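Work through the exercises below with the sequence and coordinates at hand. Each task is followed by a stepwise solution.

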Amino acid sequence: MQRSDQRESEQSVDDLLSGVSRESDEAAETGRSASSGGGRLSGLFSPRVFLAALLLSIGGLLVGGAIPIVGFVGRFVGIAAAGFVLGLVGSKRHYTEVVLAGAIAAGLAFVLSTLFAVFAPFAVQLLADYGVAIAGVGAASGGLAGLVGHYFGRDLRAGLTEEL
């Protein structure tokens with residue numbers, strides 16, 4: 001004859017064992033999905049979208065910088081336009097890619113424009129002393145321009161696709 005506390009302990013062990021097998025099955029499934037590219041951070045960064053954003057940002061920077069009167073400000077308008085286009089066309093959020101691409105494009109543009117706009121020996125000394133600060137200001141400005149452009153592109157997309 002079994003005592004009542006023994007029956008409860010046997011039932012709880014069975015429940016625990018069945019829970020362990022379910023947890024191991026779930027862990028195996030998540031392990032398989034993580035190895036196939038679908039992990040916890042898989043939606044955070046897309047190299048393809050980053051490359052497209054970088055190319056669009058560099059193109060927008062060059063086109064915006066080619067405008068004679070507003071060349072310097074036009075660069076940031078071009079980066080914002082690239083972010084706007086990606087926000088308007090893309091169905092998902094790509095803030096990380098757009099901000100990083102805008103920051104890289106503008107940071108490099110600031111350094112290169114400083115290098116080629118000033119007398120060569122002075123430019124090299126200026127970049128040696130303040131190159132990180134110059135690149136940092138350019139990267140922060142370009143990242144902000146890309147962020148604002150992407151935000152407004154996504155906002156327009158949401159407004160166009162929403163039911164009235």
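**Exercise 1.** List the buried residues of α3 and state what covers them.

Solution. Buried means under 20% relative accessible area, exposed over 50%, partly exposed in between (1.4 Å probe, protein chains only). In α3 the buried residues are Gly71, Gly74, Phe76, Gly78, Ile79, Ala82, Gly83, Leu86 and Gly87. Their cover includes α2 (47–65), α4 and α5 (120–161). Helices are DSSP runs (H or I, at least four residues), numbered from the N terminus.

The model is predicted: local features need pLDDT of at least 70, side-chain atom pairs count only at pLDDT 80 or more, and totals for chains, interfaces and linings use all residues. Residues are numbered from 1 along each chain as its sequence is written, and side-chain values use heavy atoms, with hydrogens and water left out.

**Exercise 2.** Check the span of α3.

Solution. The expected span is 1.5 Å times one less than the number of residues.

**Exercise 3.** Is His94 buried or exposed, and which residues does His94 touch?

Solution. His94 sits in the loop between α3 (71–89) and α4. Its relative accessible area is 15%, so His94 is buried. Not counting residues up to four places away in sequence, His94 touches Val49 and His150; contact means heavy atoms within 4.5 Å.

**Exercise 4.** Classify Phe116 by accessibility.

Solution. Phe116 belongs to helix α4 (residues 95–117). Phe116 counts as exposed because its relative accessibility is 68%.

Terms used:
Helices (H or I, at least four residues) and strands (E, at least two) are DSSP runs, numbered from the N terminus.
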